Amino acid sequence: MKKYKRRELDLWVLPVDCRVNGRYCGKCCYNTEMPLTRSDIDRIKRLGFKENYFTVYRNGIPHLKNVNGHCVFLDPETGMCRIYKYRPLGCRLYPLVYSLDSRRVIVDSECPKSRSIDEKLIRRYIPLLRRLVMEVYKLKI
Ligand code: SF4
Ligand code: SF4
């Protein structure tokens, strides 16, 4: 992978067309278990949100907080993310995830567009997922 500056990497987004039946899907924003990197937290705090507004710690690892069964940043009326441009790295890479159970990179089949993620795309985005896993879980994959 070419060397990118940290800020450039933060802007990478796995290209997924999230429209389902003409509407933004938003499924992954319900009961989210998305972990947060330090840079995610700092970036969102710069938008004016207090850390405890959007962060909950589980086993010492910061995750996005759910309120009423969905991510605190989801607007359930519109189905849109209120911080879309600044959303966490894990949200940008989803449905590409690292399974802590199987210790493998997988495409989460819960996402209705998971089949649109091909091998070439996975290979391209694995370095970024590797960085996420290293930052969050201190694991080398
Ligand atoms: S579940 Fe998949 S298709 Fe739906 S919003 Fe998330 S990434 Fe997009
Ligand atoms: S930050 Fe945005 S994209 Fe990520 S789970 Fe919350 S609402 Fe969804």
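In what sense do strand 9 and strand 10 pair, and over how many bridges? They run antiparallel, with four bridges joining residues 96-99 to residues 104-107; two strands count as paired if DSSP finds at least two bridges between them. Bear in mind that this is a predicted model, where local features need pLDDT of at least 70, side-chain atom pairs count only at pLDDT 80 or more, and totals for chains, interfaces and linings use all residues. Residues are numbered from 1 along each chain as its sequence is written, while chains are lettered from A and ligands numbered from 1 in the order in which they are written.

**The whole chain**
- The protein chain has five helices and 10 strands, which are DSSP runs numbered from the N terminus (helices: H or I, at least four residues; strands: E, at least two).
- Its radius of gyration is 15 Å, close to the 14 Å that the globule rule gives for 141 residues, so the chain is as compact as a globular protein of that length. That radius is taken over C-alpha atoms, and the rule is 2.2 Å times the number of residues to the power 0.38.
- Of the 141 residues, 23% are buried, meaning that 20 or more other C-beta atoms, placed from the backbone, lie within 10 Å of a residue's own.

**The hairpin**
- Strands 9 and 10 form a hairpin with four residues between them, and Arg103 in the turn has a positive phi of about 55 degrees.
- Ser99 sits opposite Arg104 of strand 10.

**The core**
- The largest nonpolar core has 22 residues, and Leu64, Cys71, Leu93, Tyr94, Leu96 and Leu132 touch the most other members. Such a core is a set of buried Ala, Val, Leu, Ile, Met, Phe, Trp, Tyr and Cys residues joined through C-beta atoms within 7 Å.
- Helix 4 (89-93), strand 9 and helix 5 (119-137) each give two or more residues to this core, and helix 5 gives the most, with five.
- Leaving aside neighbours within four places in sequence, Tyr94 is in contact (C-beta atoms, placed from the backbone, within 7 Å) with Cys28, Asp108 and Cys111.

**The two ligands**
- Around ligand 1 you'll find residues including Cys18, Cys25, Cys28, Tyr94 and Cys111, each with its C-beta atom, placed from the backbone, within 6 Å of the ligand.
- Ligand 2 has among its surrounding residues Cys29, Leu64, Cys71, Cys81 and Cys91.

Definitions and conventions. Buried ≥ 20, exposed ≤ 12 C-beta atoms within 10 Å, placed from the backbone. Contact = placed C-beta atoms within 7 Å.
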